[in-house]
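Colleague: I am new to this structure and would like a close look at a single part of it. Could you take me through that part slowly, in one connected account?

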Amino acid sequence: MGGHGSGRKSIKGQAINFVLDVQILLNELLHEDLESNMSREELKVKVQDYWKKSKVVQEELERL
């Protein structure tokens with residue numbers, strides 16, 4: 001279960017992918033979103049979505 005090719009991602013893989021996603025988000029915030037016409041509320045929603053994803057990964061890591 002969860003082995004290579006099973007379609008299930010390991011928690012390590014999920015954590016790595018999430019860190020990469022956060023790096024992309026931060027890059028977008030720094031170089032695009034903060035300079036755009038995006039409202040504070042839109043920025044807040046974007047950051048909250050990533051925070052929720054981070055909470056899921058953190059809880060799965062704690063279960064290990």
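Modeller: Bear in mind that this is a predicted model. Let me begin with Asp 33, which touches Glu 28, Met 38, Leu 43 and Lys 46 when residues up to four places away in sequence are not counted. With one of these, Lys 46, the contact is also polar, side chain to side chain, at 2.6 Å. Asp 33 sits in the loop between helix H1, residues 11-31, and helix H2, residues 40-63, and its relative accessible area is 8%, so it is buried, the limit being under 20%.

The buried residues in H1 are Ile 11, Ala 15, Phe 18, Leu 25 and Leu 29, and because they cover an arc of only 80° around the axis, they lie on the same side of H1. An α-helix has 3.6 residues a turn, so residues three or four places apart point the same way. On the other side of H1, by contrast, Lys 12, Leu 30 and His 31 are exposed.

Ile 11 lies in H1 and counts as buried, with 15% relative accessibility. Leaving aside neighbours within four places in sequence, Ile 11 is in contact with Val 57, Glu 60, Leu 61 and Leu 64. Of these, Glu 60 is 49 residues from Ile 11 in sequence, yet their C-alpha atoms are 6.9 Å apart in space.

Note on methods:
Residues are numbered from 1 along each chain as its sequence is written. This is a predicted model: local features need pLDDT of at least 70, side-chain atom pairs count only at pLDDT 80 or more; totals for chains, interfaces and linings use all residues. Side-chain values use heavy atoms; hydrogens and water are left out. Helices (H or I, at least four residues) and strands (E, at least two) are DSSP runs, numbered from the N terminus. Buried means under 20% relative accessible area, exposed over 50%, partly exposed in between (1.4 Å probe, protein chains only). A polar contact is a pair of N or O atoms within 3.5 Å; within protein, one must be able to donate a hydrogen and the other to accept it, and residues adjacent in sequence count only if both atoms are side-chain atoms. Contact means heavy atoms within 4.5 Å. The arc is that of the directions from the helix axis to the C-beta atoms.
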